[in-house]
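Subject: The structure I promised

Hi there,

Here is the structure for you to open up and turn around on your screen. Have a look first, then read on for what I found.

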Amino acid sequence: MASDGPVEHGYPHLETVRAAITALYKRLSYDTVRTFETSVLPVDVAFCDTDDLYLGAQRVAHELVRHYRLPDARLIVSFREMRHAANVELAAGPEYFVELNDRFRKHRRDIGAALAHEVMHVYLHRLDLSFPGVRDNEILTDTATTYLGAGWLLLDAYREDGASSQKLGYLTPEEFGYVLAKRALAFGEDPSVWFTSAQAYTAYVKGMELARLDERQPPLTAAGWAGRRRYARDRRHGSSGPSQPGVRYAFSPDGGGRLRVSFPCPTCHQRIRVPVRGRVRARCALCRSVLECDT
């Protein structure tokens, strides 16, 4: 949690974020991911200053448990002074103890955001899905929270002006915006109408630009002129090196010596491998996206 301190911007964790989206589809399956097509709505986690602190926090926690489909999980929420925004004790269950930073006693509108992240820890714990290392595992948690419909709360908790700043989660605002945009493109949902933070909306717009760029990378037919020209040059040489910034496709021969190209699916980032033979329609086996390619 960044509070009145510098907020990191940009996309320093982008590859881990993309790997997290792939891991979600692999662990949950396409059908299960699609059951989260409706996000947590603002009315479900609304918290007024006149609400009882503990009863209100329990109510919001219950709504998030319901959203993540954890009917037998019970969260016990308390508050204490701590460095981080929140913490959850990942025991065997069915009861899980969540501690929230004392500052949320006065910033109740963001309790839903903090709980969304902590309940996702419980969800991933039950799935036995994790990344090695604390940093990458927290990025996985933020990404899963956002992609499965509750992370817009975390982005909306981002506020920054000349005198103060606040950001929850480990992703940068733009990375939250990127994952939220990937979800919006996959589910046809517009979360921008729920933002109360102008900075959150700006981060979402920037994230959408990058998400759209994923859909315009060669060998996809939607790729721009410059990308197509570079792709044609690399195809002639039958190779593409990692030294080229922004190049995510790679050429390799198959068993018969024929050239194939692999590239990440713009929806789930699983790599797809197709023959180099002109116009090809590819179907991602993981997220079922149908992709028009010019290989």
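This is a predicted model: local features need pLDDT of at least 70, side-chain atom pairs count only at pLDDT 80 or more; totals for chains, interfaces and linings use all residues.

Strand 3 (residues 86–88) is joined to strand 4 by three bridges, and the two run antiparallel. Together they form a hairpin, with six residues between the strands. In the turn, look for G93, which has a positive phi of about 85°.

Strand 4 (residues 95–101) has another partner too: seven bridges link it to strand 2 (residues 74–80), and here the strands run parallel. Find R74 and you'll see that it stands opposite E95 in strand 4.

Now zoom out. How many helices and strands does the chain have? The count is nine helices and 11 strands.

As for overall shape, a compact globule of 295 residues would have a radius of gyration near 19 Å, and the chain has 21 Å, so the two agree. Along the principal axes, the C-alpha atoms fill a box of roughly 65 × 45 × 30 Å.

Buried residues make up 52% of the chain. If you take contacts between residues at least 6 apart in sequence, 58% of them join residues at least 24 apart.

Cheers

Note on methods
Residues are numbered from 1 along each chain as its sequence is written. Side-chain values use heavy atoms; hydrogens and water are left out. Helices (H or I, at least four residues) and strands (E, at least two) are DSSP runs, numbered from the N terminus. The radius of gyration is taken over C-alpha atoms; the globule rule is 2.2 Å times the number of residues to the power 0.38. Buried means under 20% relative accessible area, exposed over 50%, partly exposed in between (1.4 Å probe, protein chains only). Contact means heavy atoms within 4.5 Å. Two strands pair if DSSP finds at least two bridges between them.
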